[in-house]
Amino acid sequence: MNGANSSGLSNCPKTPAPFPTNWIPVLEKLAFSPHKIDFVCIGAGFSGLTLAYRWKHEGANEFINRRISEKNHDVGGTWLENRYPGNACDVPAHIYTFTFEPNPDWTSFYASGREIWQYMKRTTEKYQLDERVRLNSRVTSAIWDDAAARWKIRVDQGGKIIETEAHILINGSGILNKWHWPDIKGLSSFRGKLVLSADWDESLDWEDKRPEASKIATYIRSPTWITFNFAAQLTSDGENFEYPENDKRLWRENLGEHSKLRRHFEHEFNKFFPSYLAEGAQQAEMNKLFRQTMEQRLNHNADLCAKLIPDFGIGCRRICPGDGYLEALQEKNVRIEFCSVEEITPTGIRSCQGHEEFDIVVCATGFDVSFVPPWEMIGKNGVSLREQWKDAPYAYFGICTPNMPNYFIYNGPNCPIAHGSLILVIEWFTD
Ligand SMILES: Cc1cc2nc3c(=O)[nH]c(=O)nc-3n(C[C@H](O)[C@H](O)[C@H](O)COP(=O)(O)OP(=O)(O)OC[C@H]3O[C@@H](n4cnc5c(N)ncnc54)[C@H](O)[C@@H]3O)c2cc1C
């Protein structure tokens, strides 16, 4: 080829500057030269691990470079971090499962948080899902470089800052992962034991201290629907139960039967969906049923019913199956406070009811659910995602948002988190 150099590129002189305003630069390389796309995913919970499985086992490998940054010392996300007593999942275990790894051995209908984490860890090892996971790696910023068409990412690895890049950035950092101590005056002055449900202190040994707490006060600011269990119609009395060994053996030996069971559970669960449709007939029926059930469980105590039963439709907040919760609130040693905590003092709590002393204060104050990522996120033209979403978060189908090119969000704004098993939602997003 006349005038061609060894790389096959033209030796023609470059267009002399100044360039015309409509000048389009041409890349100095062959058209269709193959290159891999760089992906970075943040988080190795169910979202990141599902992605890792698809990447590794469903053929994308030869086209992409892939990495997962995980801030924790291990995989598992929610189910690694949350260790408070009684932590468990409200979705039947057989459908809170990676679809590529059914588990005939779930101990009970609803699984404990610990068993879910063990299952995730086992699955990770079996399929080598952590092959490209960098643990102890907290993403602190992601800044879009328009000229390079890449995200420039900073990662904190125990104080050492690493810089990396990606064409595609995936946020699998979890909707319920940003916890922090509540902003209550005097919190750090408390001299008793202070614990946070999302970061449970396992050295708290309350069971051995006293057989029964002499008093428990629970401060509740707003009501929520406390309901019967999800898919309770699949149990004999609405409550959790352990699977007999025979059932587990049957599902282990007969995958078809197990698959049938899981499909049946899924179908039964999904039947509840119309209850979340505002002003639908099923929602009206469920509102009535939930109200009646809560009234009954609260022994028709007018004061408790007025304060604990919501006036919003079900589905405005995720409903809370809570075996024994309303009953526990009515125990002799339990009191409910509906006024706000004004201050934590060295010895207790001050609210509008006055001051009261306590040995232990547990903050079960939830998570930052603003959808704004915990790292600095700057997109095209220097737009900050925090600023873009300061009034309300917005994302196309909950996945992509303007000014953030090649940025994909698991369980973003308006994603369907309120019903069904989130694992399937995560798998659909991955697809
Ligand atoms: C207490 C609790 C109970 C729950 N119960 C249920 C239930 O009963 N049923 C149900 O369907 N769902 C439940 N959920 C929701 C649960 O979070 C999801 O079902 C699912 O586990 C979400 O997986 P994920 O991978 O998207 O997020 P996560 O499990 O939250 O994982 C996110 C990962 O991202 C990592 N990460 C975050 N920020 C960074 C950063 N800056 N850099 C690097 N890594 C980062 C975290 O360390 C974490 O490992 C519960 C959540 C909580 C917190």
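## Two domains

The C-alpha centres of domain 1 and domain 2 lie 34 Å apart in this model, which is a predicted one. According to the domain assignment of the chain, domain 1 is made up of the stretches 37-75, 129-178 and 368-430, while domain 2 is made up of 187-240 and 285-363.

## A sheet of three strands

The strands β15, β16 and β17 form an open sheet, in that order and with antiparallel pairing. Because β15 (residues 341-344) and β17 stand at the edges, each with a single partner strand, one side of each has no neighbour in the sheet. From one strand to the next, the twist averages 25 degrees.

## How β15 meets β16

Where β15 and β16 run antiparallel to one another, they are joined by three bridges. As for individual residues in this pairing, I344 has I349 of β16 as its bridge partner.

## The hairpin of β16 and β17

Which strand forms a hairpin with β16, and how many residues lie between them? The strand is β17, and two residues lie between β16 and β17 in the hairpin. Strand β16 covers residues 348-351 and strand β17 covers residues 354-357, and the two pair in the antiparallel sense over four bridges.

Methods: Residues numbered from 1 in each chain as written. Predicted model: local features only at pLDDT ≥ 70, side-chain atom pairs only at ≥ 80, totals over all residues. Heavy atoms only, no water. Pairing = 2+ DSSP bridges. Domains from an automatic or database assignment. Axes fitted to C-alpha atoms, helices over the stretch in contact; angles between N-to-C directions.
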